[in-house]
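Try each task before you read its solution.

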Amino acid sequence: MIKNQASRLLFVLLVFQTMLYAQSEGMVSIKGSRYLPLYGRDSTVVAVKDFEMDVYPITNSQYVDFIKKYPKWQKSKVISLFADKGYLVNWKSDTELKDSEKPNSPVTYVSWFAAKDYCECQGKRLPTIDEWEYVAMADKTTKDARVKPEYNAEILAWYEAPRTNENTIGLHPENFWGVHDLHGLVWEWTLDFNSVLISGESRKDVDKDNNLFCGSAAVNATDLMNYAAFMRYAIRGSLKAKYSMKNLGFRCVKDIPNEFNSSF
Amino acid sequence: MKHLKIIFSVLIMTIAFTACNSKTSKNTSEALAVYQCPMQCEGDKMYRVAGSCPVCNMDLKPVEKASKVLETNEISEASIFNLTSKWHTEEGEEIQLKDLKGKTLVMVMIYTSCKAACPRLVADMRNIEAEIPKENLKDLNFVLISIDPETDTPERLKAFAIENLMDDEQWTFLQGTESGVREFANVLAMKYKQISPIDFSHSNIISVFNTKGELIHQQEGLGVNNKDTVDTILELTQ
């Protein structure tokens with residue numbers, strides 16, 4: 001009898017625990033850790049906390065919903081401080097995509113300001129570079145596949161494919177975390193993309209970027225992985241927040257409240 | 001049950017609107033009376049005749065004429081006064097950037113524990129100030145924004161101001177939130193990265209804004225010739 005009650009209690013506890021922090025819809029949880037990114041703080045390991053990430057990039061149809069709710073992001077209403085002229089050029093009106101665009105393709109031609117506000121309006125945020133790269137270094141079976149030649153070769157093959165922004169989401173297999181399309185579909189905005197201190201004039205306007213492009217890090221970059229990652233960092237370094245690009249979309253992440261965060 | 005649902009969804013909508021839909025007040029046709037849904041169900045959509053909103057069925061309200069008077073004062077699209085982030089000054093006041101309206105702004109982003117470039121950037125700011133005639137200073141505001149809001153509290157900024165003899169009227173120091181700072185840096189196309197708990201790498205940019213908050217001039221680099229910057233400021237404060 002007592003044993004029965006105890007096991008019932010245990011059962012209730014177990015059920016309750018999973019209910020305490022229910023995973024958000026369309027997101028998967030990512031278990032944080034320390035890792036060595038291409039460009040870390042002091043070129044050393046960075047710590048990533050537990051968080052949740054969208055399984056797919058935001059699609060055109062999700063963006064249509066957003067824009068109907070928040071008209072200030074419609075292309076005729078958006079202010080020039082927050083988006084350049086290319087913003088949503090592939091839309092035929094404020095709320096409609098051109099007929100050639102697929103609802104299930106990733107939304108592109110969006111500025112950082114728009115992407116940031118989209119996520120915030122869903123109670124989420126953009127991922128940091130460190131978070132994005134952390135999830136993106138996984139392949140189907142391992143968290144850190146960067147040492148595997150086939151992982152790198154696959155990414156580079158995807159990078160070579162043209163006009164991938166016209167594809168639909170979910171065509172690439174999910175990775176270890178259950179996240180799709182980090183590579184091979186579109187580039188993605190990150191919250192702190194402007195922390196990549198490389199630009200045409202980096203020797204002039206930045207006080208010390210020798211731990212970025214010019215210095216030792218670049219010289220040490222020997223394998224293909226670094227080449228793919230270099231491309232991503234170089235693109236981030238070349239962006240401005242109001243730019244809208246054909247092959248640049250985004251996805252959101254969400255913090256896991258501290259009491260459920262087990263990594264630190 | 002059904003009523004509850006409706007009430008609930010209306011509630012959600014109000015919350016959603018107040019939370020994120022910072023009102024976009026754009027110029028609209030002035031001559032005729034225009035009507036708009038009070039809930040802005042269709043955004044800024046205007047109607048020429050009174051009636052009810054096709055989405056929520058509420059009566060359309062005439063759009064107030066008052067906005068017309070405001071128009072001369074209106075913030076342009078490219079103005080930094082569109083940003084709604086909140087900041088604390090070195091005096092502990094809470095402000096938004098639009099509270100700085102009316103003066104020519106010379107802005108730079110620094111952090112006070114910086115040992116390398118910031119002292120020189122701050123010196124550059126002081127050099128610029130020194131070249132401006134006294135009578136122009138009243139129309140000017142030199143604003144130093146911290147990229148390290150965690151360390152640079154209003155108290156610390158005040159101490160820094162006193163220490164560097166930058167505590168006069170024309171100097172303002174701002175502490176923001178992490179996301180507010182990141183957003184503002186992006187407006188200036190300024191890059192920065194925390195490289196250790198006390199150190200940042202960052203671009204060295206001094207930006208000049210006119211009284212409406214529109215970016216007029218940027219000076220990049222350390223110890224560069226500030227003639228263009230000074231000329232721009234003199235032109236703006238004439």
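Two strands pair if DSSP finds at least two bridges between them. Keep in mind that this is a predicted model.

**Exercise 1. Give the strand order of the open sheet in chain A, and say why one side of β1 and of β7 has no neighbour.**

Step 1. The sheet has three strands, ordered β1-β4-β7, with antiparallel pairing.
Step 2. β1 (27–30) and β7 (253–255) of chain A stand at the edges.
Step 3. Each has a single partner strand, so one side of each lacks a neighbour in the sheet.

**Exercise 2. Which strands of chain A does α4(A) touch?**

Step 1. Helix α4(A) packs on the sheet and touches β1, β4 and β7.
Step 2. Compare directions: that of α4(A) makes about 75 degrees with that of β4(A).

**Exercise 3. Is A:Glu133 buried or exposed?**

Step 1. Locate A:Glu133 in helix α4 of chain A, residues 129–136.
Step 2. Its relative accessibility is 6%. Buried means under 20%.
Step 3. A:Glu133 therefore counts as buried.
Step 4. List its contacts, leaving out residues up to four places away in sequence: A:Tyr35, A:Arg232, A:Tyr233 and A:Arg236.

Key
Residues are numbered from 1 along each chain as its sequence is written. Chains are lettered from A and ligands numbered from 1 in the order in which they are written. This is a predicted model: local features need pLDDT of at least 70, side-chain atom pairs count only at pLDDT 80 or more; totals for chains, interfaces and linings use all residues. Side-chain values use heavy atoms; hydrogens and water are left out. Helices (H or I, at least four residues) and strands (E, at least two) are DSSP runs, numbered from the N terminus. Buried means under 20% relative accessible area, exposed over 50%, partly exposed in between (1.4 Å probe, protein chains only). Contact means heavy atoms within 4.5 Å. Axes are lines fitted to C-alpha atoms, for helices over the stretch in contact, and angles run from 0 to 180 degrees between N-to-C directions.
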